[in-house]
Amino acid sequence: MFFLTGEYDHQIDAKNRIRIPTKLKGNEERLYFSKGSDGCIFVFYEAAIREKMEKLEEIGLFDRAKQRGLRDFANSIKPVDVDQQGRFVIPTELVNHAKIKKDVKICGTGARIEVWAKEVYDEYMSGDDFDTNVGSLDMI
């Protein structure tokens, strides 16, 4: 079980390198980056991505719609190792997917980390009603 929470402001450098806050990264030397929903990048610990992929393997081989989703998701997953300065290089295709220019928002969302272009994140979160959004989570 994972308990990744909080949001952090950072910047990406010209070589697409970022630092994942220690509170989110922990001691992980490799993280798995993928395209995420709503224009973000999903970042998983190895144990979390293995868990997700095991669940996805239950999709019927001839369920064309779900197989397409599986292919899109699995093909976007990139293992990324931390460098000697504690940075991760985000693959260019994922930087483009998330429309990241310089400022990023890094968020813990339970079992994954999300990396957003700050302006995309701010737009996504603007005007939302906390009570409605959180109330839609039946388990709270």
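This is a predicted model: local features need pLDDT of at least 70, side-chain atom pairs count only at pLDDT 80 or more; totals for chains, interfaces and linings use all residues.
Q: How do the axes of helix α2 and helix α3 run relative to each other, roughly parallel or roughly antiparallel?
A: The axes of α2 (residues 46-56) and α3 (residues 64-76) come within 11 Å and cross at roughly 160°. Angles over 145 degrees count as roughly antiparallel. The two helices, α2 and α3, are therefore roughly antiparallel.

Q: What is the handedness of the crossing where α2 passes α3?
A: The crossing angle of the α2 and α3 axes is roughly 160°. As α2 passes α3, the crossing is left-handed.

Q: Which class of residue makes up the contact of α2 with α3?
A: From α2, Ile49, Met53 and Leu56 meet Leu70, Phe73 and Ala74 of α3. By class, this contact has no charged and no polar residues, and six that are nonpolar.

Q: Which residues lie closest to the centre of the largest pocket?
A: The largest pocket holds about 670 Å³ of space. It is lined by 20 residues, and the closest to its centre are Thr109, Met125, Asn133, Val134 and Leu137.

Q: How many nonpolar residues are in the lining of the largest pocket?
A: At least two lining residues come from each of β7 (103-108), β8 (113-117), α5 (118-125) and α6 (130-135). By class, the lining has four charged, five polar and 11 nonpolar residues. The number of nonpolar residues is 11.

Notes:
Residues are numbered from 1 along each chain as its sequence is written. Side-chain values use heavy atoms; hydrogens and water are left out. On a 1 Å grid over the protein atoms alone, a cavity is a set of points where a 1.4 Å probe fits but cannot get out, and a pocket is an open set with protein on both sides within 12 Å along at least five of seven lines; lining residues have an atom within 4 Å of a point. Grid points are joined across faces, edges and corners, and a volume is the space filled by probe spheres set on the points. Helices (H or I, at least four residues) and strands (E, at least two) are DSSP runs, numbered from the N terminus. Ala, Val, Leu, Ile, Met, Phe, Trp, Tyr, Cys and Pro count as nonpolar, Asp, Glu, Lys and Arg as charged, and the others, Gly among them, as polar. Axes are lines fitted to C-alpha atoms, for helices over the stretch in contact, and angles run from 0 to 180 degrees between N-to-C directions. Angles under 35 degrees count as roughly parallel, over 145 as roughly antiparallel, 65 to 115 as roughly perpendicular and the rest as oblique. A crossing is left-handed if the near helix is turned anticlockwise from the far one by less than a right angle, and right-handed if clockwise. Contact means heavy atoms within 4.5 Å.
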